[in-house]
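This report is written for a reader who is meeting a protein model in its sequence and its coordinates together. Please keep both views at hand while reading.

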2 protein chains.
Amino acid sequence: MMTTAQRRVSGLLRGNGLKVTRGRAEVLNLFLDAGRPLAQRQIMEMLRLKLDRASVYRILNAFVEAGIIHMAYVDVRHRVYELPDKCGGQKCHPHFSCRGCGKTTCLEDFRVYFKGALAKGFVAERQKVLIEGLCPDCRR
Amino acid sequence: MMTTAQRRVSGLLRGNGLKVTRGRAEVLNLFLDAGRPLAQRQIMEMLRLKLDRASVYRILNAFVEAGIIHMAYVDVRHRVYELPDKCGGQKCHPHFSCRGCGKTTCLEDFRVYFKGALAKGFVAERQKVLIEGLCPDCRR
DNA sequence: TCATAGATGCGACATTGTTGCAATTTTGGA
DNA sequence: TCCAAAATTGCAACAATGTCGCATCTATGA
């Protein structure tokens with residue numbers, strides 16, 4: 001018997017041309033449950049060695065290619081992936097990263113306009129905006 | 001006999017509490033000549049193996065700590081360092097990175113205001129803004 | 001149920017960045 | 001100018017992240 005969540009996961013995968021495998025289902029479930037961007041490392045820890053490191057990377061790359069998730073922000077050795085439900089097209093919303101706990105959250109209602117910022121001849125394709133600081137929990 | 005440039009480099013180093021060594025002088029010279037942000041890898045290539053990888057990292061870290069350069073933008077395995085002459089305080093200006101040639105340039109007259117973007121309790125300390133695209137040379 | 005295309009696990013490798021340690025260099029003082 | 005102490009460098013080793021090849025296993029459609 002399949003639960004609603006399982007059906008949803010299968011549908012998302014199949015609908016994007018991906019086979020439904022245990023690994024993909026588990027990783028996708030994490031994203032659906034998390035509600036915030038996840039790094040590969042966090043995914044590994046949540047899965048507790050149930051999946052190989054290389055496989056997780058391949059799954060993430062497959063998801064990105066299929067458009068199921070976005071590679072949201074990139075830091076030194078710290079890529080973050082998330083569901084695109086809060087994004088509009090190519091230009092992802094900015095993120096906030098806490099230097100205390102390392103968690104990343106989305107700044108959905110905030111957009112950066114850079115029209116006129118570029119010199120002649122430059123073509124902008126993508127923007128990455130990250131604000132670093134402290135979240136309420138790590139603040140005191 | 002010391003040239004004006006050599007005197008300038010020595011002064012900058014000594015004035016920031018750093019001993020004047022061959023490696024530091026060469027790296028600092030690169031920054032003074034470059035006029036744009038440099039990555040560790042570019043520095044290595046410009047020096048042509050005259051300095052050890054670990055030493056370059058230590059020099060860069062020492063410069064950052066001394067305030068001679070800023071760590072300007074951070075990408076997957078690609079930190080970029082630059083002189084702080086175009087920066088105002090903690091908040092560095094945004095950068096443009098060309099996906100063709102990999103060169104990074106500064107968007108000096110462009111500033112991002114994110115007041116009101118953060119939820120209650122969040123404290124912003126630093127912002128990183130990167131616009132990716134094509135520079136005029138890589139465009140056609 | 002079976003064949004096969006594709007996914008996984010494992011091992012190897014590349015890159016980036018850090019650290020410990022011995023050897024060398026810088027610097028201030030005699 | 002020379003010396004001693006302190007700091008810097010080169011080298012080797014290591015950690016983390018990400019990719020790739022290959023053999024094995026699994027999901028899927030017929």
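## Basis of the model

This is a predicted model, in which local features need pLDDT of at least 70 and side-chain atom pairs count only at pLDDT 80 or more, while totals for chains, interfaces and linings use all residues. Residues are numbered from 1 along each chain as its sequence is written, chains are lettered from A and ligands numbered from 1 in the order in which they are written, and side-chain values use heavy atoms, with hydrogens and water left out.

The term pLDDT denotes the predictor's confidence in each residue, from 0 to 100. Chain A averages a pLDDT of 73, and 59% of its residues score at least 70. Where pLDDT is low, the predicted coordinates should not be read in detail.

## Chain A as a whole

Chain A contains 5 helices and 6 strands; helices (H or I, at least four residues) and strands (E, at least two) are DSSP runs, numbered from the N terminus. Read from the N terminus, the order of elements in chain A is α-α-β-α-α-β-β-β-β-β-α.

Of the 140 residues of chain A, 43% count as buried. Buried means under 20% relative accessible area, exposed over 50%, and partly exposed in between (1.4 Å probe, protein chains only). Chain A exposes about 8200 Å², of which carbon and sulfur atoms supply 48%; accessible areas come from the Shrake-Rupley method with a 1.4 Å probe, and for residues only the protein chains shown count as cover. A contact means heavy atoms within 4.5 Å. Among the contacts in chain A with a separation of 6 or more, 45% are between residues 24 or more positions apart.

In chain A, helix α1 (residues 4-15) has 12 residues, which at 1.5 Å a residue should span 16 Å; the end C-alpha atoms are 16 Å apart, in agreement. The expected span is 1.5 Å times one less than the number of residues. The buried residues of α1(A) are V9(A), S10(A) and L13(A). They cover an arc of only 95° around the axis, and therefore lie on the same side of α1(A); the arc is that of the directions from the helix axis to the C-beta atoms. On the other side of α1(A), T4(A), R8(A) and G15(A) are exposed. The cover over the buried residues of α1(A) includes α2 and α4 (53-66) of chain A.

In chain B, the buried residues of α1(B) are V9(B), S10(B) and L13(B). T4(B), R8(B) and G15(B) are exposed on the other side of α1(B). After α1(B) comes G17(B), with a positive phi near 75°.

## Selected buried residues

Q40(A) belongs to helix α3 (residues 40-47) of chain A, and counts as buried because its relative accessibility is 12%. The side chain of Q40(A) makes a polar contact of 3.3 Å with the side chain of Y57(A). A polar contact is a pair of N or O atoms within 3.5 Å; within protein, one must be able to donate a hydrogen and the other to accept it, and residues adjacent in sequence count only if both atoms are side-chain atoms.

In chain B, the side chains of Q40(B) and Y57(B) are joined by a polar contact of 3.4 Å. L38(B) lies in strand β1 (residues 38-39) of chain B and, at 0% relative accessibility, counts as buried.
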